[in-house]
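Keep the structure open as you read, and follow along from one part to the next.

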Amino acid sequence: MEEQHGGGPAHWWRYGPPGWNRPDGTEVHRARPPWRSTLLLTAFVLVGTTFAARGQPDRVPLDGYARVLLLAASVPLLWRHRHPVAVAYGTAAAALAYLALGHPYGPVFLPVAVGCFSAVVAGHRRPAWTAVGMLWAGHLLVALWLYRWLPPAGDHRAGLGQEVVVATWVLAVAALAELARLRREQWARERADRAEAARRRADEERLRIARELHDVLAHSISVINVQASMGLALLDTDPEQARAALTTIKSASKEALGEVRQVLGALRAPGAAPRAPAPGLARLPELVQQAAAAGLTVETEGEPPRLPPGADLAAFRIVQEALTNVVRHSGSRHARVRFGYGDGVLRLRIDDDGPATGADAGGSGNGLAGMRERAAALGGTIEAGSRPDGGFRVLAVLPSDLREDQ
């Protein structure tokens, strides 16, 4: 699922806010200061404290110094994403100075909560809780002991209820900050998992296309190579045979171009339905004719069963690659393809009588690896190796009762 951030609260909780969950892993809010939220919070602190002061006539009235301290506690929040530790300590110090001078209580704790919240979410837990602890300890010191020497004159010792309120505020900030930190780490893990899944799908698609191109080109070019050699040898002595070889080359190249165009067309238009059906065992007679044109006689035993598209394509490509390897790497001009079916399993065997004509007996590493990958993708197996009598055998065991959606 693609990450969209325009949904409601449930969508936001699952995928994260826009600034925390960009596809490239960067964060929008680190690129520029959060002017809007800081401005709104500063205005709320100033206006809220002004209204709260009306109900606290025994405190020191709000003056220029008090408003400067309120601004000193709020304005640094502009840099809370770039310098979260400094902002956490700065807001706590400004709030403590404001309270120590005897000014009215109000939303002065809100900037401290936001600053410490940002520090915890950014991973600076110890500095954040140290700043909050210093503010709490300083408030206790002022409220329980230093109030005798600090303004306002005639102030009394704070009661237990007031300290319980402050402690509750500290615990609430801690709980919210830790919850946000844990949720952000979960968003990061989910982002990494989705990116890894996308990379894995891309790798699987790349390998699939590589197998398709290898099988198509290896088979067709092998036929073209054999026919070109035959045409050159017979050009002067038997023009009709040379003409037939050229006709085969034309047919094989046209077919190869068509299949390559189909594979590349899927790349250009992802998700579009292919214009031509994928090859399958129904094209086995055509494959036998192409092998015969390359000088290889192919005998088939058994009747190919009806298979789902994926298994049908894999079986056809395995036969095609095995016959191509016989043409390229075996001295035998005779091959046998045998189909066996039972218990929901297709047993496909391709034999030649050998001997091998080069170091790559049985085929190149890429060809055999491609056959094994096709079989493994369906839950099947491939066994390939020399026979005791000097020939070579490819044995494929494929589940043939797969659902089409697999």
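## Confidence along the chain

The chain averages a pLDDT of 79, with 81% of the residues scoring at least 70. Residues 1-6 also have a pLDDT below 50, and this stretch has twelve contacts beyond near neighbours in sequence.

This is a predicted model, in which local features need pLDDT of at least 70, side-chain atom pairs count only at pLDDT 80 or more, and totals for chains, interfaces and linings use all residues. Residues are numbered from 1 along each chain as its sequence is written, and side-chain values use heavy atoms, with hydrogens and water left out.

## Helix α10 and the cores

Helices (H or I, at least four residues) and strands (E, at least two) are DSSP runs, numbered from the N terminus. Helix α10 covers residues 309-329, and its 21 residues reach 30 Å from first C-alpha to last, close to the 30 Å expected at 1.5 Å a residue; the expected span is 1.5 Å times one less than the number of residues. Of these 21 residues, 18 are buried. Buried means under 20% relative accessible area, exposed over 50%, and partly exposed in between (1.4 Å probe, protein chains only).

A nonpolar core is a set of buried Ala, Val, Leu, Ile, Met, Phe, Trp, Tyr and Cys residues joined through side-chain atoms within 4.5 Å. The largest one has 37 residues, and those touching the most other members are L296, I318, V319, L323, V337, L348 and I350. Helix α10 gives this core its largest share, ten residues. V337 touches V319, L323, L348 and I350, among others. A second, separate core has 26 residues, including L69, A88, V120 and V132.

## Salt bridges

How many salt bridges are there? The count is nine, taking a side-chain nitrogen of Lys or Arg within 4 Å of a carboxyl oxygen of Asp or Glu. One of them joins D353 and R336, with the closest N and O atoms 3.3 Å apart. This pair links the loop between β3 and α11 to strand β2, 17 residues apart. D353 is partly exposed at 35% relative accessibility, and R336 is partly exposed at 21%.

D351 pairs with R349 at 3.0 Å between the closest N and O atoms. D351 is buried, at 3%, whereas R349 is partly exposed, at 28%. A network of salt bridges links R336, R349, D351, D353, R387, D389 and R393.

How values were computed:
pLDDT = per-residue confidence, 0-100. Contact = heavy atoms within 4.5 Å. Lists of a residue's contacts leave out its neighbours within four places in sequence.
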